Amino acid sequence: MVAKAEAVHAGVDAALDEAARVLKDAPEIALACHVNPDPDALGSMLGLSSFLRARGKTTVSSFGNDPFELAPWVAALPARDGLLEPKRFPRAPALLVTLDSASLDRLGQLAPVASRAGAVIWIDHHISNEGLGTIPVIDPAASSTAEVVFRLMKKMGGTIPPEAAACLYAGIVTDTGRFQYEATSAETLRLAAELRTYPFDHARLAQVLFEDNSLAYLRVLAVALQRLAFDEEVGLVWTYVTQADLSEAGVGVGETDDMIDVVRTAREADVAAVLKQQRDGRFKVSTRSRGGTDLAVVASRFGGGGHRLAAGYTSKVGALETIRELAAAIREARTPSE
């Protein structure tokens, strides 16, 4: 097991070396992250963009949502000036860097761009990623994509702008659940401590990321909690929100990303799930486990992915049928200790 871990680490290190070499030689770089980006995806992208611009590179950054909407917390991330709508993104860039996307479809409207790009540096930390891109830089042992990006910057050398440090810190602190999740390693804490030496407003950033909800969102959360249901047989607590709920409250679906973090606190359940209806009627399913279920395996059954204790996918059926399918997949994926 130790030998295998060392081999994986050596492979990641070699991939970082290759990515650093290619980025050093490229005058123009396009960057894309997954749809409905969280702070790890957007922070990694904007942080790397800021770092590359400080080295004299030309960058453009985007994500493939339609409509192209920014979550309120994005205002706390600096280096947003290179962010543009997908329709203005290059159709066939010479070099594309993807951030935090476990699969091609997670790029949304920008997926065809990855197929046309001259070279693709694919930076990710999801265990479900099978090695995409012409230069896959994928480290499932990393706490976050931001952690991998920070290691890439250190490989390239040079000054890291405070704006880039702030963006990467946002990615690490959110994807580790404020350093609570099992992927938080000693290396994660060392990198986070180094990022904190840069001059950015850490307290304000944390407030915007974790303590800044609208009254409208809290009302939608109240509706979701009223619907809370528990399947005792498989240890699944779940709820859902519809487009009608969001429209009535005046809330965008992107504002509901943190709802799972409330539902997952139910001590009676091993798995928590929140179903969020998208504009096309389908339900985006966010899941978390306390340790008894490998959710990466579960999500992969439905075309999704993620990590052992946190994964997601988009369901092609209604809410109740989605839960029936999810419960059946959980039964099959139970660890032997169960």
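Author: The buried residues of helix 5 pack against helix 2 (39-54), helix 4 (145-156), helix 6 (186-195) and helix 7 (202-210). Contact here means heavy atoms within 4.5 Å, and helices (H or I, at least four residues) and strands (E, at least two) are DSSP runs numbered from the N terminus. Please keep in mind that this is a predicted model, where local features need pLDDT of at least 70, side-chain atom pairs count only at pLDDT 80 or more, and totals for chains, interfaces and linings use all residues. Residues are numbered from 1 along each chain as its sequence is written, and side-chain values use heavy atoms, with hydrogens and water left out.

Back to helix 5 itself: twelve of its 14 residues are buried, so the rest of the structure largely encloses it. Buried means under 20% relative accessible area, exposed over 50%, and partly exposed in between (1.4 Å probe, protein chains only). Among the buried residues are Ala-164, Cys-167, Leu-168, Tyr-169, Ile-172 and Asp-175. The length of helix 5 (residues 162-175) also agrees with expectation, because its 14 residues should span 20 Å and its end C-alpha atoms are 20 Å apart. That expected span is 1.5 Å times one less than the number of residues. Just after helix 5, Gly-177 takes a positive phi of about 60°.

Asp-17 forms a salt bridge with Lys-155, with the closest N and O atoms 2.9 Å apart. Asp-17 lies in helix 1 (residues 2-25) and Lys-155 in helix 4, so the pair ties together parts that are 138 residues apart in sequence. The term covers a side-chain nitrogen of Lys or Arg within 4 Å of a carboxyl oxygen of Asp or Glu, and by this rule the count comes to 16. Asp-17 counts as partly exposed because its relative accessibility is 39%, and Lys-155, at 28%, is partly exposed too.

For a contrast in setting, look at Asp-245 and Arg-227, whose side chains meet in a salt bridge (2.5 Å, N to O). This pair links distant parts of the chain, with Asp-245 in helix 9 (residues 243-249) and Arg-227 in the loop between helix 8 and strand 6, 18 residues apart. Asp-245 counts as buried at 13% relative accessibility, whereas Arg-227 is partly exposed at 26%.
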